[in-house]
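Here is a short tour of one protein chain, written for someone who likes to check numbers against coordinates. Please keep the viewer open as you read.

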Amino acid sequence: MWNRPICSRDSAASCSAISARADWFDVDQVQTPWYSLSHESGDAWTIGYGYEHDQHWSFVLEAMQIRSEVTDRAGIGEPPNATERQLQLQIRYSH
């Protein structure tokens, strides 16, 4: 994970930060009475930007992409490979 503030936290002025993160995963599921043997692997990437306007208002914009291969998806008629994308905006006010 990489996180880079663009100003000093000690200043009274507004502050920005950018961050980036990469994850890789590989999961084997054991067989149970409810689930069959399954395998999942993939990667995920997240990029974010945060802005603190003042002591009350802050904003965060985050984009994520997950690419994965799940062998059990074929059992429900889906292709085993999938790419999911998400964009989130957080607006926070505190007093």
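The accessible surface of the protein chain comes to about 7600 Å², and carbon and sulfur atoms account for 55% of that surface. Of the 95 residues in the chain, 14% count as buried. Please bear in mind that this is a predicted model, so a look at the confidence comes next.

The chain averages a pLDDT of 87, and 86% of the residues score at least 70. Which elements mark the two ends of the confidence range? Strand β1 (residues 2–5) has the lowest mean pLDDT among the elements, 59, while strand β5 (residues 81–93) has the highest, 97.

As for the fold, the secondary structure consists of five strands and zero helices. Following the sequence, you read the pattern β-β-β-β-β. Taking the contacts between residues at least 6 apart in sequence, 41% join residues at least 24 apart.

A63 gives a local view of how the strands meet. This residue lies in strand β4 and is partly exposed, with a relative accessible area of 34%. Leaving aside neighbours within four places in sequence, A63 is in contact with W45, T46, I47, Q86 and L87. For W45, which sits 18 residues away from A63 along the chain, the C-alpha separation is 8.2 Å.

Now to the charged side chains. In general, side chains of opposite charge can pair when their charged atoms come close. How many salt bridges does a search of the whole structure find? The search finds two.

One of them joins D23 and R21, with the closest N and O atoms 2.9 Å apart. D23 is partly exposed at 27% relative accessibility, and R21 is partly exposed as well, at 41%.

The other joins R67 and D43, with a closest N to O distance of 3.0 Å. Here R67 belongs to strand β4 (residues 57–70) and D43 to strand β3 (residues 38–52), so this pair ties together parts that are 24 residues apart in sequence. Is each partner buried or exposed, or something in between? R67 is partly exposed, with a relative accessible area of 40%. D43 counts as buried because its relative accessibility is 12%, and the cut-off for buried is under 20%.

A pair of aromatic rings is described by the distance of the centres and the angle of the planes. With centres required to lie within 6.5 Å, the count comes to four aromatic pairs. Two of them, both stacked, are set out here.

| Ring pair | Centre to centre | Angle between planes | Type |
|---|---|---|---|
| Y51 and F59 | 6.3 Å | 25 degrees | stacked |
| W57 and F59 | 6.3 Å | 10 degrees | stacked |

Why do these two pairs count as stacked? Stacking requires planes under 30 degrees apart; the Y51 and F59 planes stand at 25 degrees, and the W57 and F59 planes at 10 degrees, so that pair is stacked.

Ring pairs link Y51, W57, F59 and Y93 into a cluster. How exposed are its members? Y51 is partly exposed at 26% relative accessibility, and F59 is partly exposed at 29%. W57 has a relative accessible area of 35% and is partly exposed. Y93, which lies in strand β5, is partly exposed at 46%.

W57 and Y93 also turn up in a nonpolar surface patch. The patch covers about 810 Å² and is made by I18, Y49, W57, L61, L87, L89, I91 and Y93. Where do these residues come from? Strands β4 and β5 each supply at least two of the patch residues, and β5 contributes the largest share, four residues.

Methods:
Residues numbered from 1 in each chain as written. Predicted model: local features only at pLDDT ≥ 70, side-chain atom pairs only at ≥ 80, totals over all residues. Heavy atoms only, no water. Phe/Tyr/Trp six-rings, centres within 6.5 Å; stacked < 30°, edge-to-face > 60°. Buried < 20%, exposed > 50% of the residue type's maximum accessible area, 1.4 Å probe, protein only. Salt bridge = Lys/Arg side-chain N within 4 Å of Asp/Glu carboxyl O. pLDDT = per-residue confidence, 0-100. Patch = residues over 30% accessible without salt bridge, like charges linked within 9 Å, V, L, I, M, F, W, Y side chains within 5 Å. Areas by Shrake-Rupley, 256 points an atom, 1.4 Å probe, with all protein chains shown as cover. Contact = heavy atoms within 4.5 Å.
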